There are 2 protein chains.
Amino acid sequence: MSLDTERDRFIEDNGLLFERLGVTRMSGRILGYLMVTDKEKVSFSEMTEALQASKSSISTNLKMLLQIGFVKPLTIPGERKTYYMLSPEMDWKAYFSERLEMIGIMNNMFKKGLTLRSSTKDNAAQWLREASEFYDFIIEEFPAMLKRWEEKSKTT
Amino acid sequence: MSLDTERDRFIEDNGLLFERLGVTRMSGRILGYLMVTDKEKVSFSEMTEALQASKSSISTNLKMLLQIGFVKPLTIPGERKTYYMLSPEMDWKAYFSERLEMIGIMNNMFKKGLTLRSSTKDNAAQWLREASEFYDFIIEEFPAMLKRWEEKSKTT
DNA sequence: CGTTTTGTTCAGTCTTGACCGAACCAAAAA
DNA sequence: TTTTTGGTTCGGTCAAGACTGAACAAAACG
């Protein structure tokens with residue numbers, strides 16, 4: 001298999017993975033491209049070219065990736081265009097903390113459900129309490145875990 | 001606000017939440033209904049009635065919830081129908097472990113990407129390495145965290 | 001046996017939203 | 001000023017998949 005088709009395959013696979021994760025296929029392709037391209041920085045038009053996608057799709061999805069912090073813009077004096085690269089300052093800790101918010105929302109549903117029940121002793125109430133206790137635990141432990149990461153990565 | 005519309009609101013909200021999480025709205029409604037109903041067990045037809053949904057939709061989504069382990073079937077001697085309830089043996093630990101697999105798949109992409117690169121020293125390679133190290137860390141730490149939960153919940 | 005109850009499955013519909021093309025805009029260049 | 005470049009935005013299209021309804025099974029009942 002040629003190197004390029006293997007990379008192309010990787011890019012498409014990443015698109016499909018992102019789709020499974022609930023994000024757009026195109027954002028996965030953009031990130032996949034940035035992961036395997038040999039260019040140290042990539043312009044907007046190079047993306048539309050490489051991925052054979054419309055400017056609007058690249059624009060929208062690239063903006064999302066910038067927003068999340070996966071990708072960083074890079075401008076050069078005397079050059080009009082903006083280049084893009086995988087963000088060297090990517091903060092995985094912050095990213096995961098954000099994702100943790102969904103856990104919190106789910107937990108709120110459990111607690112809310114509990115307040116809506118007539119009985120607080122039957123099976124459903126018990127179930128909700130256990131669910132909420134587990135989520136409480138996760139929400140409590142996760143920051144400590146991320147802190148351990150901080151310590152560990154600081155030493156390298 | 002009447003109690004029932006508040007519960008109905010909760011059920012719909014749970015549907016919308018599940019949708020955000022990438023599962024079907026209907027599965028969220030079913031689970032939401034089981035969370036707030038006062039019945040200790042609910043039959044198939046009660047669900048179609050309560051949620052005003054088709055038998056096929058209930059059938060499909062209920063099967064999914066049974067599969068994940070959120071819901072448990074309950075049969076009664078001398079009765080034809082199957083009843084359903086929030087599973088008293090719900091294993092949150094196992095559930096979270098399953099979800100962790102997505103992290104593993106993402107991590108594999110990072111590692112795969114790294115092998116496809118010409119250079120292992122440039123920014124993208126560095127980015128991939130850091131990403132993978134972080135995911136390695138999570139995958140390594142999570143089981144210990146779940147074990148702590150085990151210990152903690154065992155004492156109650 | 002038929003009939004009724006309980007649920008599954010499958011073809012079709014309808015909605016959502018990702019993506020495209022074209023119009024548009026801002027800034028630099030000419 | 002006019003033109004070119006780089007990118008955004010907006011309306012429309014198209015595909016995926018969630019949900020429906022109807023046809024189908026299986027098992028209990030009469």
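**Exercise 1.** Of the atoms of DNA strand C within 4 Å of the protein, what percentage belongs to sugar or phosphate?

*Solution.* Keep in mind that this is a predicted model. Sugar or phosphate accounts for 56% of those DNA strand C atoms, and bases supply the rest.

**Exercise 2.** Which residues come nearest to DNA strand C, and what do their polar side-chain atoms lie by?

*Solution.* Step one: pick out the names.

Step two: look at the atoms. Ser56(A) has a polar side-chain atom 2.6 Å from a base oxygen of DNA strand C.

Step three: find the elements. Two or more residues come from each of α2 (25-36) and α4 (55-68) of chain A, and from α4 (55-68) of chain B. The most come from α4(B), which gives four residues.

Step four: sort by class. The surface near DNA strand C has nine polar, six charged and three nonpolar residues.

**Exercise 3.** How many residues does the largest nonpolar core have, and which residues does Trp127(B) touch?

*Solution.* Start with the core: it has 93 residues. Among those with the most contacts inside it are Trp92(A) and Trp127(B).

Now zoom in on Trp127(B). Leaving out residues up to four places away in sequence, Trp127(B) touches Phe110(B) as well as several residues of chain A, including Leu31(A), Met35(A), Phe70(A) and Trp92(A).

Notes: Residues are numbered from 1 along each chain as its sequence is written. Chains are lettered from A and ligands numbered from 1 in the order in which they are written. This is a predicted model: local features need pLDDT of at least 70, side-chain atom pairs count only at pLDDT 80 or more; totals for chains, interfaces and linings use all residues. Side-chain values use heavy atoms; hydrogens and water are left out. A residue is near a molecule or strand if one of its heavy atoms lies within 4 Å of it. A polar contact is a pair of N or O atoms within 3.5 Å; within protein, one must be able to donate a hydrogen and the other to accept it, and residues adjacent in sequence count only if both atoms are side-chain atoms. Ala, Val, Leu, Ile, Met, Phe, Trp, Tyr, Cys and Pro count as nonpolar, Asp, Glu, Lys and Arg as charged, and the others, Gly among them, as polar. A nonpolar core is a set of buried Ala, Val, Leu, Ile, Met, Phe, Trp, Tyr and Cys residues joined through side-chain atoms within 4.5 Å. Buried means under 20% relative accessible area, exposed over 50%, partly exposed in between (1.4 Å probe, protein chains only). Contact means heavy atoms within 4.5 Å.
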